[in-house]
Amino acid sequence: MNHLIVSAHPSDNSFSNYLASVLTEKYKSIGWEVNLRDLYKTGFNPVLSPADLGMLKSGNTPDDIAIEQKYIRDADLISVIYPLWWAGFPAILKGYIDRVLSNGFAFNYGAGGASGLLTDKKVVIHTTMGNTVEEYEEKGLIQAFRQSQGDEIFKFCGMQILGHYFYPQITLADEAQREHFMQMALSRYSELAVESSVK
Ligand SMILES: Cc1cc2nc3c(=O)[nH]c(=O)nc-3n(C[C@H](O)[C@H](O)[C@H](O)COP(=O)(O)O)c2cc1C
């Protein structure tokens, strides 16, 4: 089984990258192939350029996009881990989505509308945040984030979202709270029976 982990936080000691490394070890230890794509470490270029668009439209895929698409193609399970920035994705992750989930690879348009092409992929999404969940829930934004950062991207591409989890006030968390969040994150994979559901 193959687990792709996409992490988009610039800081090594962030909860995001801590979670990415713990998941990497956990899945390696049970014999899965794990590919951790830390977008800052790999220096991913997030700008969908005129040249990229021209190539993609003519059926050619720029090399750096083709590399990331192969990781997705090979994956059974994809974990996406990022901090909420200005109520959205960090730019590097937005750009990864813009460039890698391209028309013809991740979805296509037909007479009946769009159809997702990545129907054999399962996704787990982790969003860390500075605010509380309550602040956002009052404004109806948690549901909006689930739609705009989950459904409208990964489900749109045909993937099954197994869970989308929010980690509130992670910036204030002490060591014990971080461990608590980590255990919650790991138990979610067990609760979701991720290992059996992707087989
Ligand atoms: C540029 C920027 C924008 C941010 N915008 C938000 C935001 O809109 N909502 C929020 O709850 N936290 C926001 N934060 C706080 C981050 O979400 C928080 O620092 C991050 O989740 C910490 O996660 P980590 O432990 O993985 O480092 C922002 C932080 C930065 C640097």
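Tutor: The lining of the largest cavity consists of Leu 4, Val 6, Ile 72, Ile 78, Val 80, Leu 93, Tyr 96, Ile 97, Leu 101, Phe 154 and Met 159. The model is predicted, so local features need a pLDDT of at least 70 and side-chain atom pairs count only at pLDDT 80 or more, whereas totals for chains, interfaces and linings use all residues. Residues are numbered from 1 along each chain as its sequence is written, and side-chain values rest on heavy atoms, with hydrogens and water left out.

Here a cavity is a set of points, on a 1 Å grid over the protein atoms alone, where a 1.4 Å probe fits but cannot get out, while a pocket is an open set with protein on both sides within 12 Å along at least five of seven lines, and lining residues have an atom within 4 Å of a point. Searching the whole structure gives one cavity of 30 Å³ or more, and the largest cavity holds about 70 Å³ of space, where volume is the space filled by probe spheres set on points joined across faces, edges and corners. Its lining divides into eleven nonpolar, no polar and no charged residues, on a scheme in which Ala, Val, Leu, Ile, Met, Phe, Trp, Tyr, Cys and Pro are nonpolar, Asp, Glu, Lys and Arg charged, and the others, Gly among them, polar. Three elements, β1 (2-7), β3 (77-83) and α4 (91-100), each supply at least two of the lining residues, and α4 gives the most, with three; helices (H or I, at least four residues) and strands (E, at least two) are DSSP runs numbered from the N terminus.

The largest pocket is another matter, with a volume of about 200 Å³. It is lined by 15 residues, of which His 9, Phe 15, Thr 128, Ile 170 and Thr 171 are the closest to its centre.

Around the ligand stand 16 residues, the closest being His 9, Leu 84, Trp 86, Thr 128 and Tyr 136, where near means having a heavy atom within 4 Å. The ligand's shell has nine nonpolar and seven polar residues, and no charged ones. In the polar contacts (N or O pairs within 3.5 Å; within protein, one atom must be able to donate a hydrogen and the other to accept it, and sequence neighbours count only if both atoms are side-chain atoms), Ser 16 brings an N or O atom of its side chain to 2.8 Å from an oxygen atom of the ligand. Leu 84 places a backbone N or O atom 2.7 Å from a ligand oxygen, and Trp 86 places a backbone N or O atom 2.7 Å from a ligand nitrogen. Taken alone, the ligand exposes 640 Å², and the protein buries 75% of that; the areas come from the Shrake-Rupley method with a 1.4 Å probe, and for residues only the protein chains shown count as cover.

Trp 86 itself lies in the loop between β3 and α4, and its phi is near 45°, a positive value in a residue other than glycine. Trp 86 counts as exposed because its relative accessibility is 89%, the classes being buried under 20%, exposed over 50% and partly exposed in between, with a 1.4 Å probe and protein chains only. Gln 169, in the loop between β7 (160-167) and α7, likewise has a positive phi, of about 50°, without being a glycine, and Gln 169 is partly exposed because its relative accessible area is 34%.

Lys 121, in the loop between β5 (113-116) and β6 (122-128), counts as buried because its relative accessibility is 3%, and a polar atom of its side chain lies 2.7 Å from the backbone oxygen of Arg 73. Asp 38, in strand β2 (residues 33-38), is buried because its relative accessible area is 10%, and its side chain reaches the backbone nitrogen of Tyr 40 at 3.1 Å.
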